[in-house]
Amino acid sequence: MQVHIIRVVREESDRSSRQNSTTKNYFCKDMNALHPGHWEPNTDIYESDEEVIVRVDLAGVAKEDLSVKVKDSKLQISGIRHGYKAESKVHYHQIELHCGDFCKTLPLPDSIAHNEISASFQNGILNIAISKQDQSIEIPININSNLNSEG
């Protein structure tokens, strides 16, 4: 059905260009006319006996524009996908690839929130592996001996 809608709009565009000798654009004039905004990438989550795997589809996102962190027992994946900039004037007929800032937040169970986490990014897919082995974390506490005590 989408093909039929596109065909009808293209026929209207062709007809109007023959009548007026100027092309009317029924879609977007350029990428600047789009309102890029927040979007969420498609994500798969599955687990084995040893780990939880999070796979995120980030085609077109550069590694430098990507951030992965754990904050408040939540896995936060964020970044930006830059839009396509045509070198000459173009008329878009269909735009489905989201661009702009994105953020995906996944709550982590307390049992794995502080476990070992590794990430790899290859061919537009971010793979995050979270160990299911219970690992307690050790936080050293410095003891200040320069306290002014009166006594």
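When I say contact, I mean heavy atoms within 4.5 Å. Keep that in mind, and remember that this is a predicted model.

Start with isoleucine 77. Setting aside neighbours within four places in sequence, what is isoleucine 77 in contact with? The list runs Val54, Val56, Leu66, Ser67, Val68, Phe102, Cys103, Lys104, Leu126 and Ile128.

Now the core. The largest nonpolar core has 17 residues. Leu75 and Ile77 touch the most other members. Which strands each supply at least two residues of this core? They are β2 (51–57), β4 (74–81), β5 (100–107) and β7 (125–131). In soluble globular proteins, nonpolar side chains tend to be buried together.

On to strand pairing. Take β2. It runs antiparallel to β1, residues 43–47, and five bridges join the two. The hairpin between β1 and β2 goes through three residues. Threonine 43 sits opposite valine 56 of β2. β2 also runs antiparallel to β7, with seven bridges joining them. There, valine 52 faces isoleucine 130 of β7.

Last, lysine 104. This residue is in strand β5. Is lysine 104 buried or exposed? Its relative accessible area is 15%. The cut-off for buried is under 20%, so lysine 104 counts as buried. What does its side chain make a polar contact with? The partner is the side chain of glutamate 40, at 3.4 Å. Glu40 is also on the contact list of lysine 104, again leaving aside neighbours within four places in sequence. Pro41, Thr43, Leu75, Gln76 and Ile77 complete that list.

Key. Residues are numbered from 1 along each chain as its sequence is written. This is a predicted model: local features need pLDDT of at least 70, side-chain atom pairs count only at pLDDT 80 or more; totals for chains, interfaces and linings use all residues. Side-chain values use heavy atoms; hydrogens and water are left out. A nonpolar core is a set of buried Ala, Val, Leu, Ile, Met, Phe, Trp, Tyr and Cys residues joined through side-chain atoms within 4.5 Å. Buried means under 20% relative accessible area, exposed over 50%, partly exposed in between (1.4 Å probe, protein chains only). Helices (H or I, at least four residues) and strands (E, at least two) are DSSP runs, numbered from the N terminus. Two strands pair if DSSP finds at least two bridges between them. A polar contact is a pair of N or O atoms within 3.5 Å; within protein, one must be able to donate a hydrogen and the other to accept it, and residues adjacent in sequence count only if both atoms are side-chain atoms.
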